[in-house]
Amino acid sequence: MAASTTSIRVSTHAGVETINITPAIREALKEASIRDGLLLVSVRHTTCGLILNEDDPGLRTDFARLAEHLLDPLRSSGPFEHDQIDNNARAHLTAGLMGASVQVPFVAGAPSLGSWQNILLIEMDGPRTRQVDLTLVGG
Ligand code: ZN
């Protein structure tokens, strides 16, 4: 069994935004020496998340809206403590709920996704440049 890691950079353009990173991942993995196994996609950030879902323009907006407003009810019980430091508690908390990684099988040099599945990065504290690590384990 072998393992390899590469990464891609993703530029985000808004405070809250959904970006389909599947095409960039497919491109980055074309030359990987590992052809079959498990792909771990992960971010080294605390204010963006990764999910597997459909890449529909309406859903991209809906996920951004979810990320922006999911925690609105919590604000009624008082301000977030972390907002006293850098005013982005909502981004940290929502990223914690979404998670910082997704795993998918990797077959014949490409991620094995369902017809409607894509790997989406949810930016919650942009605009920023995000590093997405691609770790392959297999043969
Ligand atoms: Zn912060």
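The model is predicted, so local features require pLDDT of at least 70 and side-chain atom pairs count only at pLDDT 80 or more, whereas totals for chains, interfaces and linings use all residues. Residues are numbered from 1 along each chain as its sequence is written, and side-chain values use heavy atoms, with hydrogens and water left out.

Accessibility is classed as buried (under 20% relative accessible area), exposed (over 50%) or partly exposed (in between), using a 1.4 Å probe and protein chains only. Asp-86 is partly exposed because its relative accessibility is 42%, while Asn-88, at 9%, is buried.

## Helix α4

Helices (H or I, at least four residues) and strands (E, at least two) are DSSP runs numbered from the N terminus. Helix α4 spans residues 89-98, and its buried residues are Ala-89, Arg-90, Ala-91, Thr-94, Ala-95 and Met-98. The elements covering these buried residues include β4 (48-53), α2 (57-69), α3 (72-75) and β7 (118-123). Gly-99 follows α4 and has a positive phi, near 95°.

## Sheet and packing helix

Three strands form an open, antiparallel sheet in the order β2-β7-β4. Its edge strands, β2 (17-20) and β4, each pair on one side only. From one strand to the next, the twist averages 30°. Two strands pair if DSSP finds at least two bridges between them; β2 and β7, which run antiparallel, are joined by four bridges. Glu-17 stands opposite Glu-123 in β7. Helix α2 lies across β2, β4 and β7, running at about 135° to β2. Such angles run from 0 to 180 degrees between N-to-C directions, with axes fitted as lines to C-alpha atoms, for helices over the stretch in contact.

## Leu-38

Leu-38 is found in strand β3 (residues 37-43) and counts as partly exposed, at 43% relative accessibility. Contact means heavy atoms within 4.5 Å. Not counting residues up to four places away in sequence, Leu-38 touches Gln-103, Val-104, Pro-105, Phe-106, Thr-135, Leu-136 and Val-137.

## Salt bridges

A salt bridge is a side-chain nitrogen of Lys or Arg within 4 Å of a carboxyl oxygen of Asp or Glu. The whole structure contains six salt bridges, including those tabulated here.

| Lys-30 | Glu-27 | 3.2 Å |

Asp-133 is buried because its relative accessibility is 7%, whereas Arg-44 counts as exposed at 61%. Lys-30 is exposed, with a relative accessible area of 54%. Arg-130 and Glu-123 are both buried.
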